[in-house]
Amino acid sequence: GNVRHHTKFKMRMILWLVLFTVFSLAVNADQNQTGGDFPLRPILEDYLEWATIHSPDLQSAGHQVEAMRQDAAVAGSLPGLKFVWSEMIVPVETRVGPQQRVFSLSQSIPWFGTLGLKEQATLSGADAAAARLQGRVLNLHRDIREAWYQLALVQKEEEILTEHLRLAQQAELSVRTSYEAGQASYRNLIKAQMELGRLQTQLDNLQDRSLPLATKLNNLAGVGRLTSVPRADLTPPFIEAAALADRNTLERMLAERNPGLRAEQDLLASAHSQRELASKEGGPGLTVGLDYIMTGDAVNPATTDSGKDPIIARLGVNIPIWGGRTSAGKAASAELVLAADLRLSNLQLDLETRLEEVLYRIRVADRNTPLYGDTLHRRAQQDLQVTTAAYQ
């Protein structure tokens, strides 16, 4: 008896281990399918956090910003050393011996301050790209919120329409019963059945709409395909009424935090650096170098300095004699500054217009919320009670 009990106990333990292993594999497979650590029942904040880190679009933009910062380091560096090896096809005979080959090493040095301006202009461009990246994050969050609330609205409409369909089915049954008893016309029965079919079609369309919205939501966040449609809610983000009422605060926040404005300001700074750089392009550039000439032994070995290799120091100056090229560069950079300045002003006007539009929509929503949520809802409940009593 003890042996049989021990055997059953071992069999049960093995069975539990097998079930646990299968369950673990299923959970791991489901997690891999849904993006690793992404929750199985996500909320809106999960999508926003996941998109910030895993969105392919944001990752691509982040790599571009990093590449531009590396380009700034390249722009502020001296050009590489230039090494030249010259071989004498016909050696030049000198007193100390034949010159056979020449090794030259030279370094170009731009005019003072040009390297720093090039680096600053490129860094300002990288800062603008980083600000635009932040703007893309905010735009992506906005698109995710929009898709989330669209899905929540569809799911809420599906619940209401399901209840409406249930009531229509009861009404159709009542009319059909009355028709069979000779107390209702066939026209009323057809009308009830047509309403039933219309509601069923609307419900099918709503149910079919959920999957595309969920797919859009997952793709925006870079989650991948999920096994089920998330359950969305219509709870909006909390915004303090005082912050919306203080226009000066909103305008100050817009000027300080808007990534589009910061990007245009950085581009304007880059344009100023390029204009200053263009004014320095007319300065001369320098080239310093060394030449080492390999020399063979003289014909007379007793000659003084026989076979001595000379070393020559060189200093070159790049003289910018083509003034038209420099003037054109200055004029072009000045035009770029004006264009960047006007683009910044235009964006400020556009943001002011959009702020007014958003505030208007918020005020309308504040007025409509008590209207639909309180007044009309109470009247609809009273109408339902009266209609139900009359129907009964």
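Predicted model: local features only at pLDDT ≥ 70, side-chain atom pairs only at ≥ 80, totals over all residues.

Colleague: How does the lining of the second largest pocket divide into nonpolar, polar and charged?

Modeller: The lining has 11 nonpolar residues, 7 polar ones and 4 charged ones.

Colleague: Let's switch to the sheet. What order do the strands have?

Modeller: The order is 1-2-3-4, in an open sheet of 4 strands. The pairing is antiparallel.

Colleague: And which are the edge strands?

Modeller: Strand 1 (82-94) and strand 4 (311-318). Each of them pairs on one side only.

Colleague: How much are neighbouring strands turned against each other?

Modeller: By 25° on average, with direction ignored.

Colleague: Take me through the pairs. How many bridges join strand 1 to strand 2?

Modeller: There are 9 bridges, and the two strands run antiparallel. A hairpin of 2 residues connects strand 1 to strand 2. Look for E87, whose bridge partner in strand 2 is R101. Then find V92, which stands opposite Q99 in strand 2.

Colleague: Found them. What about strand 2 and strand 3: over how many bridges do they pair?

Modeller: Over 10 bridges, in the antiparallel sense. One to click on is L105, which has L290 in strand 3 as its bridge partner.

Colleague: Where do side chains point in a strand, as a rule?

Modeller: In a regular strand, side chains alternate between the two faces of the sheet.

Colleague: OK, helices now. At what angle do helix 4 and helix 5 pack?

Modeller: Helix 4 (residues 114-180) and helix 5 (residues 186-221) pack at about 160°. Their axes are 8 Å apart.

Colleague: Why call them roughly antiparallel?

Modeller: Because the cut-off for roughly antiparallel is an angle over 145 degrees, helix 4 counts as roughly antiparallel to helix 5. The crossing of helix 4 with helix 5 is left-handed.

Colleague: What kinds of residues make the contact of helix 4 with helix 5?

Modeller: The contact has 22 nonpolar residues, 11 polar and 8 charged.

Colleague: What about helix 2 and helix 4: how far apart are their axes?

Modeller: Helix 2 (residues 44-54) and helix 4 have axes 10 Å apart. Their angle is about 150°. That makes helix 2 roughly antiparallel to helix 4.

Colleague: Is the crossing of helix 2 and helix 4 left-handed or right-handed?

Modeller: Helix 2 and helix 4 make a right-handed crossing.

Conventions: Residues numbered from 1 in each chain as written. Heavy atoms only, no water. Axes fitted to C-alpha atoms, helices over the stretch in contact; angles between N-to-C directions. Parallel < 35°, antiparallel > 145°, perpendicular 65-115°, else oblique. Left-handed = near helix turned anticlockwise from the far one by under 90°. Nonpolar A, V, L, I, M, F, W, Y, C, P; charged D, E, K, R; others polar. Pairing = 2+ DSSP bridges.
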